[in-house]
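Opening the notebook on a new model today.

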Amino acid sequence: MSTPAQSAPTSAEVSERIETRWAIVMFALVVMLLAIVVYTGVHWASMPPSRVEVVDANTLHLAGEFVESNLGTGIDPRGNVTVHMVAEQYAFHPHCVVVPDGVPVTFRATSGDVVHGFLIIGTNVNSMLVPGYVSTFITTFNGVGERTMPCHEFCGVGHAAMWAKVKVVPLATFEEMARKSGRLSCV
Amino acid sequence: MNDNLGKWAVLAVVAMMLVGGVIGFVWLPRVVYSDQGFFAAWCSALGVPRSWAAFGARPVAKISSDVVITHELLEPARPADVGHGATLALRCTMCHGPTGISYANSPNLAGQYAVVIYKQLRDYKSGMRANAIMSEMARSLSDTDMREVADYYASLPRPAGFQLTGAAPAVVKWGAPMRNIAPCGSCHGDIDHTLASPWLKGEPRAYLRAELTAFASDQRHNDINAQMRAIADRMTPEEIDQAAAYYAGEH
Amino acid sequence: MYNVRRLVLAHFGFAFGAFALALLLGEWQMIVRSPLHGWLDNPEHYYRSVTAHGTVMGYVFPTLVAMGFGYAISVVTLNRNLVGLRTAWIAFWMVVVGTVLAAVIVASGHASVLYSFYPPLVGNALYYIGVALIVVGSWVWVALLTINLAAWRKDNPGKKVPFTMYANVAGSYLWGWTAVGVVLEILFQILPVALGFKTTVDAGLARVLFSWTLHAIVYFWLIPAYIAYYTILPRAIGSRLYSDTMGRLAFVLFLVFAMPIGIHHLYDDPMVGSGIKMMHGVFTAMVTVPTLLTIFTIAASAELAARQRGGRGLLGWVKALPWENPVMLGVAFSFVMLGFGGAGGLINMTYQTDSTIHNTQWITGHFHLIFPGAIVIMYFVIVYDLWPALAGRALGSLALVRTQLWLWFVGMMILTIPWHIAGLYGMPRRMAYYDYTAPALAPDAWTVDASVLGGALVVISGFLFVYILLSSLRRERIAPPAYRFSEALHESPVVPRALNGFAVWLALMFTLTLVNYGFPIWELRKIPTTSVPAVYVGGGQ
C-alpha cells in the first residue's frame, strides 16, 4: 500500500499563500506602529489634550479664570507655572508671553469668538482654541530666547496678522519677575 | 478566504474596539490621570466636561466693560424706537451735530453701528469709560433710552460724499503681522465687520488720534479683552497719525 | 457605453472645466502669498479664492468624476443599460446648479468661509444650499448604483458580482454615509443661523460633525483611482489582476474603516476626550491596511506582465514593463506620490507625531501630494482610457499624453515636497500674506518659491490635458473595441459570501460610527453654554 502522492499546489493556492503572508506582515507593521503610540503615551505622557472643559465665551471678561487681570503667566497656589490666554479676532491676549526655561508650563487658553489655533514654532505646543471650550497644554521649554506663536487656523480675514511672541527667560529671572507682580507678560 | 469571512471580520473589529477601548479608556488614563479614581479617569477620557482643579480665578481687579456682546444685545429697531431716539438725541446735537455729523472733534454718530453706540453709552454710565461730558450725559439715560438713541443714530445716513483720499498707509492696509496688528478694515467694516467694532470712515482725525493714544497709554480701557489696547500699544505714534488721517479722509 | 455615453461625458466635461478654473485660482493663491509677490491689498480676496478652489476641488470635481466613472462601470460590468437614466441626468443638473450657486455666492465675497466652513464663521445661506445640492445630487447617484446592481442580481441570482461593480458600489456607500456628517452640520447648525432663525452655534459640535465627513471624503476621492489600479492597469499592460478576492477585501476594509476615524483631525481640539481620540487613532491605523494590500496586489499584477514580457531579476523586471503606455506611466507616478504621501499620512495618524505639524503647511502639502498628486493623475488615466469609448475618437499622440503626465508628476513633486518642508519649519496655514523678512519665516521663503514653480508646471499640465481631449474631437471618428476592465488571474465563479454583498461591512461601519462618534456628538449637543454668537462673514460696509 503506498501513500498517495501529494498533488502539487495549484497556482491559485500559491498566490493566496503569498498574499496571506504579505497581509500578515502588513498587519504586524500596523500593530507595531500602534504599540509605539501607546508606549510614548504611557512613558512620555505624550497624550492629546484630554479633558473636556467648557466655559462661557461671552463672559470671559466678566468673571472666571480668563478675566483680564488673570491673563498672562503666573504661579498658581500649588507652585505650577500657568499661562492664561484668550485668542480673539485677530490677536492673542497677552500677545507677548513670558515663560521660564526648563520647568513644566501649563497653558490654559480659550477663544473669545471663533476657532483659532496656536503653535509655538520650535516646540511641541500645538493646540486648537474653540470658543466655549478650554484648551490645556503642558510643555517644558528648552532654551532661553524668543519664539514666535502664530494662529494657525483660519479665523477670518485678519488671520494673516495673528502672530504673537513667547519669551523664554531663565528660571531665576522669571521667579524674580513673579515676586514683583502677580501676572506677567512682555506686552 | 471562506464563507466564515463575515464572522471573522465582525470578531476582529469587536476585538479592535475592545483593545482600543482598554488602551484609551482604562490604561492610558490611569497612567496620565493617576490622581483620579477609575471612574473619573474613564469619564475624562470619554470627554465628559469637567473642571480641571486648582485654576480658580484671582479676585477681579478690574474689568474692561460689563457689556456682554451677543447678537441678542439689541433687538431690531422699530420705527417707534427710532422716533423716540431722535427726541432723546436733541440733547446730543450740541457736540454731535443735528444730523449726527459733528462740527467739532466729537465723533460722528450718523450711520454708526447701533451696538457700538449702545456699548459706549453703557460704559460711560458704568464708569468703564470716562469723559467729563459724556459720563454726565450717559448718567441721565436709562437702558431703554440708550437703545433708542443707538437705533436712531444708526438709522442716519453716513457722511455723504465722503471719500477716502490717497492710498491707505501700510498699517491700515496690511497691519503689521509680526506685531500682531491686523488691518484695521478686517474688523472695522472696510473689509469685514466684527460685532461692536465701530465704523471709522469719516471720523474726525483728532478724535481717532486721541482715542488710539488713549488706548496705547491704557488711559482708555473699556475694550473687551484689551483688543484695542494691544493694537494701539504696538502702533508707533507715526502709524497712529497715519491711520487717523486716513480714516478722516485727509492726508 | 450603452446609454450613458453622453451622461458620462457631461459629468467629466463639467468636472474638468471647473477643475481647470480652480487650478488657476490655486496657482494665483500660491503666487500672491509667496515672496515673489507683494502683500495683497485685500486679504478677503485670497480667502474668497481659497473657498472657491476648495469647494470646487473638494466637493465638485471629484464627485462628478466618481459619478461619471460609476455610471460607466455599471453599464460595462453589468452589461446592460443604466436603469434610471433620466434620474441620473437630474442628479447631474442638481450638482451643476449647486456648483454654480455656490460659485456665484463665493465669487461675490459673501461666503469666504473656506470649504471647511468653520462656524461660528457663517456666510450667505445660498452657499451652503449650493453645497447641499451637490451632496444630494451625489446621493441620487448612490441610490442609482444600488438600484442597478439590484436589477442585475434579480436577473442573475447567486452569481458573483463583477469585481469592478463591487468596488464601485462599496465606494458609493462609503460616500453616502460619510456625507451625512457635513449635511447634519449644514442642516442643523449652519443654515438655521445663515437663514436667521438662530444666532448662536456650537463650534465644537460643528467640528466633530465635519470630521465625520472630512476623512472619508478623501477615500471617496481615492476609490476611483484604486478601482483604476485594479481594473484598468492590468488589462492595459496585458496582464491580469493578481487577486480578485484581495481586491474586494481592500475595498470593504475602506468601507468599514475609512469613515469612523475622522477625529484624528481633531487630536489637538479641546472638545473631545483622549479615549475617543485613541479609538480613532487605532482605527486610523487599520485604514492603512487596504492600501498596503493594494500596493502588493497591483505590484504583483504588474510583475506578471513584466515577466511575461521577458523581465528578469528581483527588481529588474520593472524595466520590462510597457513604459510607453500612458496607463503604466500614470500608475507608476501615482504609486510614487502615494508612497510619499502615505508616509506623510502615517505621521499625521498618531497624536504624538501629528502635534509637530498640525495645521502647518505640512498638512496642505500632504493632501496636495495625495489628492491632486496621486489621485488626480489617476483621474487623467481613467479619462484617457475611457475616452475612445466615450468620445469615439483616438487620443492622438501618446507622446503628448506621456508629456502631460510627466509634467503633472514633476510639477506635483516640486509643488508639494518643499511645501512639506515649510510645515516642518512651522509655517502656519491659510495666511494671505507672510512677512518673509521675519526670522521665523525667512527659512520658508525658498519653499514657497519652489511651490510657485511646481504649480506653474501643474497648471500647464492641466490645460494640456484639456487640450489633448478637446483636440481629439477634431479627428475623425473611430469605432473602438468594446470597453472592458481587467480579468482576475484566477477567475472563480464563487467568492466568499461576505465579499459578494455588503451587509456585514455596512453593519460594521454603522456600529463603528456609533461607537466612535455616538458619545461625542450626544455629549456636545447637550451642553448649552458652548453655543457662541455667529460671526457673519462678508458683512463689511
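Predicted model: local features only at pLDDT ≥ 70, side-chain atom pairs only at ≥ 80, totals over all residues.

**Charges in chain C**

I looked up the charge layout: the 31 positive and 20 negative charges of chain C have mean positions 13 Å apart. Lys and Arg count as positive, Asp and Glu as negative, while His and the chain ends are not counted. Each charge is placed at NZ of Lys, CZ of Arg, CG of Asp or CD of Glu.

**Ground rules**

Residues are numbered from 1 along each chain as its sequence is written, chains are lettered from A and ligands numbered from 1 in the order written, and side-chain values use heavy atoms, with hydrogens and water left out.

**Build of chain C**

I find 15 helices and 4 strands in chain C; these are DSSP runs numbered from the N terminus, helices being H or I of at least four residues and strands E of at least two. The radius of gyration of chain C is 23 Å, close to the 24 Å of the globule rule for 541 residues, so chain C is as compact as a globular protein of that length. That radius is taken over C-alpha atoms, and the rule is 2.2 Å times the number of residues to the power 0.38.

I also noted that 68% of the 541 residues of chain C are buried, meaning under 20% relative accessible area (1.4 Å probe, protein chains only).

**Chain A against chain C**

Next I checked the interface: 60 residues of chain A touch 69 residues of chain C, with contact meaning heavy atoms within 4.5 Å. On the chain A side, Glu19(A), Tyr133(A) and Phe154(A) lose the most area to chain C, together 14% of what that side buries. Buried area here is the accessible area (1.4 Å probe) that two parts lose on being put together, summed over both.

Most peptide bonds are trans, and most residues other than glycine have a negative phi. Against that, I logged a cis bond joining Gln89(A) and Tyr90(A), with omega about 0 degrees. Tyr90(A) sits in the loop between β2 (81–88) and β3 (91–93) of chain A.

Which residue of chain C has a positive phi although it is not a glycine? Asn359(C) does, at about 60 degrees, in the loop between α11 (351–357) and α12 (361–391). Asn359(C) is buried, with a relative accessible area of 3%.

Key: Buried < 20%, exposed > 50% of the residue type's maximum accessible area, 1.4 Å probe, protein only.
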